[in-house]
Amino acid sequence: MKITIVSVGKLKEKYLKQGIQEYLKRLSTYAKVKIIEVADEKAPENLSEAQMLDVKQKEGERILSHIQPDTYVITLEINGKMLTSEQFASKLDELATYGKSKIAFVIGGSLGISAEVQKRSDLALSFSKMTFPHQVMRFILLEQVYRAFRINRGEPYHK
């Protein structure tokens with residue numbers, strides 16, 4: 001399985017980089033995982049609705065430029081479908097079984113993702129009704145993907 005995480009913005013925090021590297025190392029046994037960072041747009045605090053749409057559209061174009069036509073796209077969205085870890089594992093297993101071996105997870109910027117990216121999405125997934133910094137979501141996502149592989153293989157970890 002080839003997994004790509006397309007994420008808006010650069011990761012700066014050393015502790016998150018270390019955690020992400022640890023999970024990338026652990027996941028290398030199960031899948032080829034690549035993280036692509038796309039530039040975020042400068043977004044001052046008080047943006048108009050039109051300016052917010054413009055920011056999301058520009059970030060969305062960058063995101064979509066890294067997604068191949070044969071890729072199954074999972075966007076992380078606060079209003080997406082919530083799954084348990086076991087259900088998420090089952091979904092990844094189902095995708096692999098039915099030949100969807102290229103998966104892209106999309107983590108938008110601070111304003112979310114564009115309508116164009118949402119249209120390209122095959123599954124909108126939510127980890128919580130809470131809002132998390134998009135940099136932290138990379139770490140959480142990688143941990144859950146690793147947990148899913150462990151669950152699917154019947155290996156200890158997911159307690």
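Biologist: Which residues touch the most other members of the largest nonpolar core?

Modeller: In this predicted model, the largest nonpolar core has 31 residues, and those that touch the most other members are Ile74, Leu92, Phe105, Leu142 and Val145.

Biologist: And which helices and strands each supply at least two residues of this core?

Modeller: On the strand side there are strand 1 (2-8), strand 3 (72-82), strand 4 (102-107) and strand 5 (123-126), while the helices are helix 1 (14-27), helix 3 (85-97) and helix 5 (134-153), each of them supplying at least two residues.

Biologist: Where does the largest share come from?

Modeller: From helix 5, which contributes 8 residues to this core. There is also a second, separate core of 11 residues, which includes Val8, Ala104, Val106 and Val117.

Biologist: Let's stay with Ile74 for a moment. Which element does Ile74 lie in, and is Ile74 buried or exposed?

Modeller: Ile74 is part of strand 3, and its relative accessible area is 0%, so Ile74 is buried.

Biologist: What is Ile74 in contact with, leaving aside its neighbours within four places in sequence?

Modeller: With those neighbours set aside, Ile74 is in contact with Leu95, Leu123 and Leu125, and also with the run of Ile103, Ala104, Phe105 and Val106.

Biologist: Switching to helix 5, how does its end-to-end distance fit what 1.5 Å a residue should give?

Modeller: The two agree, because the 20 residues of helix 5 should span 28 Å at 1.5 Å a residue, and its end C-alpha atoms are 29 Å apart.

Biologist: How many residues of helix 5 are buried?

Modeller: Of its 20 residues, 15 are buried, so helix 5 is largely enclosed by the rest of the structure.

Biologist: And which residue follows helix 5?

Modeller: That is Gly154, which has a positive phi, near 70 degrees.

Biologist: You listed Val145 earlier. Where does Val145 lie, and what does Val145 touch?

Modeller: Val145 lies in helix 5, and, not counting residues up to four places away in sequence, Val145 touches Ile3, Leu27, Phe88, Leu92 and Phe105. With Phe88, which is 57 residues away in sequence, the C-alpha to C-alpha distance is 8.2 Å.

Biologist: Why does Val145 count as buried?

Modeller: Because its relative accessibility is 2%, and the cut-off for buried is under 20%.

Biologist: How does the lining of the largest pocket divide by class?

Modeller: There are 11 nonpolar and 11 polar residues in the lining of the largest pocket, together with 2 charged ones.

Biologist: And what about the second largest pocket, what is its volume and how many residues line it?

Modeller: The second largest pocket has a volume of about 250 Å³ and is lined by 13 residues, with Lys2, Thr4, Lys34, Gln68 and Lys102 lying nearest its centre. Strand 1, strand 2 (32-38) and strand 4 are the elements that give two or more residues to this lining, which by class has 5 nonpolar, 4 polar and 4 charged residues.

Biologist: Thr4 is on that list. Is Thr4 buried or exposed, and what is Thr4 in contact with beyond four places in sequence?

Modeller: Thr4, which lies in strand 1, is buried, with a relative accessible area of 16%. Leaving aside neighbours within four places in sequence, Thr4 is in contact with Lys34 and Ile36, and with Ile103, Ala104 and Phe105.

Biologist: Last one, Ser126: which strand does Ser126 lie in, and what is Ser126 in contact with?

Modeller: Ser126 lies in strand 5 and counts as buried at 3% relative accessibility. Neighbours within four places in sequence aside, Ser126 is in contact with Glu77, Ile78, Gly80, Lys81, Met82 and Leu83. The C-alpha atoms of Ser126 and Ser90, by contrast, are separated by 16 Å, and these two residues are 36 apart along the chain.

Definitions and conventions: Residues are numbered from 1 along each chain as its sequence is written. This is a predicted model: local features need pLDDT of at least 70, side-chain atom pairs count only at pLDDT 80 or more; totals for chains, interfaces and linings use all residues. Side-chain values use heavy atoms; hydrogens and water are left out. A nonpolar core is a set of buried Ala, Val, Leu, Ile, Met, Phe, Trp, Tyr and Cys residues joined through side-chain atoms within 4.5 Å. Buried means under 20% relative accessible area, exposed over 50%, partly exposed in between (1.4 Å probe, protein chains only). Helices (H or I, at least four residues) and strands (E, at least two) are DSSP runs, numbered from the N terminus. Contact means heavy atoms within 4.5 Å. Ala, Val, Leu, Ile, Met, Phe, Trp, Tyr, Cys and Pro count as nonpolar, Asp, Glu, Lys and Arg as charged, and the others, Gly among them, as polar. On a 1 Å grid over the protein atoms alone, a cavity is a set of points where a 1.4 Å probe fits but cannot get out, and a pocket is an open set with protein on both sides within 12 Å along at least five of seven lines; lining residues have an atom within 4 Å of a point. Grid points are joined across faces, edges and corners, and a volume is the space filled by probe spheres set on the points. The expected span of a helix is 1.5 Å times one less than its number of residues.
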